[in-house]
Amino acid sequence: MGENIFNTLKEYKSLAKRYKELRGKYRQLKENMLYGEQISKLGSWTYDIREEKMFFTQGVYNILESSNERSLENVESYYRFVHPDDLKKVKEAAIGSRNGKEYNIGYRIITRTGTQKYIHEIAKVLYDKEDNPIKVVGIIQDITSNKLVENNLYESEEHLNQAQRLAGIGSWKYDVKKDTFYGSDEMFRIYDIDPSEFKSDFSNTLKLVHPDDRGILQKAMKAHLEGKVYEDEFRILKANGEVKYVLGKGEPICGKDGQVIAVLGVLQDITEKKELQKKVKGHQEEVDKIQKRFATLIKESLDVFEILQPDGTITYISEASEKVIGHKPEERIGKKIYDYYEESERRNIANMIDFVIENPDKGIQRDVCLVNKMGKKLYLEIHMQNFLHEPTIDGIVVNFRDITKRVEAEDRISYISTHDQLTGLPNFLDFKKKCRLYFGKPQKINANFAIFILDIDSYRYIKNILGFQIGRRYINEIAKKLTLSCKGKYICRYSDNRFIIIIEGVDRIEGYETIIEELYSLFSYPLEIGKYKLDVDLSIGISTYRNDVKDSDQLIRHAETALYLAKNEGKNRYKFYSRDLDIQSYKEFILRNDLRDAIENNELTLYYQPIVNLRTNEILAAEVLIRWAHPEWGLVSPVEFISIAEETGYIIKIGHWLLEQVCRHYREWLDNGLPNIKMAINFSSIQFLEANFKRNVKETIDKYGLKPDFLIMEITENILLKKSDTVISDINELRALGVQIALDDFGTGYSSLAYLSTFNIDILKIDGSFTTNVIKDETSTIIISHIIKMAQDLKIKLVAEHIETWEQLSFLKGLRCYTGQGYIFSRPLPLKDFENILPKRECLPIRPVDSMPFVERRKFFRVRFSQALEASLMITEIKGRKIDVGNTKVAIKDIGPGGLCFVSHLRLPVEKDVILQFTMGLLGEKLRVHGYIVWAEEVGNNLFKYGIEFIIDENERSDLIKVLSQVQIKMRNNTLFADGSFISGSIGAYFGRGEQL
């Protein structure tokens, strides 16, 4: 037993010794691994897949700069150190390793101290006997220093490549023993070849050179192999045929035995430099040509060049001097420039020299007159510039040219532009210049100054009938007579058939009338033009100067207004423009002038008045009515301008515009689902005279994709009176298309009944005058009853116009009148307002309401006259423009300190910008007030009632109140008060309307 114990102890000692040795080796191994990891900047780790445990060596902690082992308890804690931009890549690799996928990756980490490091990680998977992955073992290595060196090398290489690109210089090396070329990226770029396709031996490199320059490269290589440095220029040929110029330079490298083993060199792209040299050479050649050309031009030029000193001494003059002014250069050099000009022109030259000396950066140009050596008067255009600061010139440069022919041509052109080619008289442009002389110096204008506008009324007739040439001779003979008769007076041809004469030095109106009599006497006998004896019909408008006339345009407007009034009175009449000019005449004149531009200025607009079934109140149609929104006169009724449009022919253009607008609106209504009612349009007799009238109507309707049966064409009796084949044919063809024909104003003409048997009329429109008087006038009642009965028997549709009262409507319904229109249903409406009622397809009559008690809303008292007070009305201002049109009589119904109410036959705009002046007599005094219209009302029989608000200061108002207060007192005491310009009888009778208002 003892032996056993001994053996056991012996074995224990042996084991203890072995353990000690193993423990020492373990510590040594651990120490070796620890320091080995530190030296190699390595760390390792193990991941147990089954137990999901992670073990990291100290090297990992060192790399992460973390001494806390708790900071790496698992793989998730390691992820916290991985750079965010690389985390996805690391996680994907880790997940793949658990499924047996090994990896070798690089990424970045951020250490505990915030330092960024580059990591290289390799992972290997361990398997059990069943070949299942059980562990993943990996190492990580800090490669930051290597990475930085690598980055620096890469950046250095990039910098070198970039420097070569910027300089256009590539580098190369030729290994003599291997017969191989090596090149930088820039070298390959210069050759424009792919490095991978480059055959690097000398013979293939030689093929890249232009065939004519290969000898240069062979010579250079021979020199290198002999140990010489060599450089030369040659061309290379790109694959696309483009040629480049390069500069090649090489230096040999020798071995220990002194033999050349390699050649180092550079290649520079000098194409731009060579092109620039070519351009510079070309430019220099061009400069040489220009200099030669300039010298030749100076020598041969008709422009003379001089250089002066500030005192006017000529130091240089070009050879053209002799050609232009007759003096050789040597005759003028050293002399003063002033010696060759007359006194008045010397001052001009001196002023020019003073100007350029005081303004060295500015030139000056003037036209001067010079008498040349031969005594001929020349006009010179002189330009002067200060070059005293320029050492190569050191003087004032003067160049001048002979512009005599140009001046003479300009004078001729000026004459042509200001004189009539046919008659040789001054034209309208010259007249405007003449007027500027009058109006440019108002102090020289006196009251005895006037212009006559002479209108040859017969000219257009003669030209149209006898032809253009006879017309020219006719007007030329008139011009000759006027010229002979008006010696000493200014006369111009104002337009084709108008002349203007300026009359001065006449003191009284009788003097002007004497001149007018002489003019009419001048043309009292016919003119003999060829085989014709032609009368001269002459209208004259005269405008005399007054201090309030601002310019020639206003004077001409006054004369044209007077001429218009003269022409309206008949042939061979004259009129003086007067402050007493009737407003209506002035308005007609303005409307006549402005109508031609109404469409282009978008001033015309359309209104729509419903035509209603009197039994059901259904809207069957709408009559289209045109209005003119004149910029000064407000909304102008067609009553005022349609006759002007027909007279001037503008009705054709207006008719086209109206039909176009109606078709466009109607198309929009249909597209928006509105009812397809009929549209009634008034057509003028002038429109039927238009060529292709029917075709134009159809083309306009077709343009908007409409059926012609939507249109009712309203015509008047005067169209049917013509009974021309064209008119009858157009009407029949339009009816065949589906257009209905309505006869407007039925019952007022002489032949209306006859038309019903001659023409196919679809609709009769009873004239509104019958409807208006149907209750109070027995004749109207009988006529309208028979018209309705006749239309029913003939099965013609009937429309009663101007239905305004409930009594009129009831009467027409009692006669079973089918349709009607009028204020009881609706006034004519603007487009948008009509579109608002159209969807209802119904328009109910407006029932009368009980009259409301009168409420006085005026700020001041009013004096109401039992008999209207006559006053003279003037328009003094429109839209800020002063005018003097007026002395039209009006009837004042009442007046107060704040305004008045008056009645007139004039249609006036409700505008604050139209200022009116009223002059009236009360209590033996002449009262004058100014104001503007604030409301208007049509009172029947083409008479209108207006409300005026005064423009008045408080002193004037106080004076007016005193007068009106006295009138009130006198009217209370005397009901027959008549101390004023009161009218007798009714207002209607006063205006010739025969109606009491």
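1. Let's start with W172: this residue is buried, at 13% relative accessible area (buried means under 20% relative accessible area, exposed over 50%, partly exposed in between, with a 1.4 Å probe and protein chains only). Bear in mind that this is a predicted model, where local features need pLDDT of at least 70, side-chain atom pairs count only at pLDDT 80 or more, and totals for chains, interfaces and linings use all residues. Numbering runs from 1 along each chain as its sequence is written, and side-chain values use heavy atoms, leaving out hydrogens and water.

2. On to ring pairs: the whole structure has 23 aromatic pairs. One of them joins W172 and F181, a tilted pair with 5.7 Å centre to centre and 55 degrees between the planes. For Phe, Tyr and Trp (its six-membered ring), centres must lie within 6.5 Å; planes under 30 degrees apart are stacked, over 60 edge-to-face and the rest tilted.

3. F181 also pairs with F202: the centres are 6.3 Å apart and the planes at 25 degrees, so this pair is stacked. It ties together distant parts of the chain, with F181 in strand β7 (residues 180–183) and F202 in helix α7 (residues 202–207), 21 residues apart. Helices (H or I, at least four residues) and strands (E, at least two) are DSSP runs, numbered from the N terminus. Both F181 and F202 are buried, with F181 at 10% relative accessibility.

4. Elsewhere, Y608, Y666, W669, F710 and F834 are joined into a cluster by ring pairs.

5. Two arginines are worth a look. R827 has its charged end over the ring of Y823, 3.9 Å from the centre, and R627 has its own over the ring of Y607, 5.6 Å from the centre. The cut-offs here: NZ of Lys or CZ of Arg within 6 Å of the ring centre and within 35 degrees of the ring normal.
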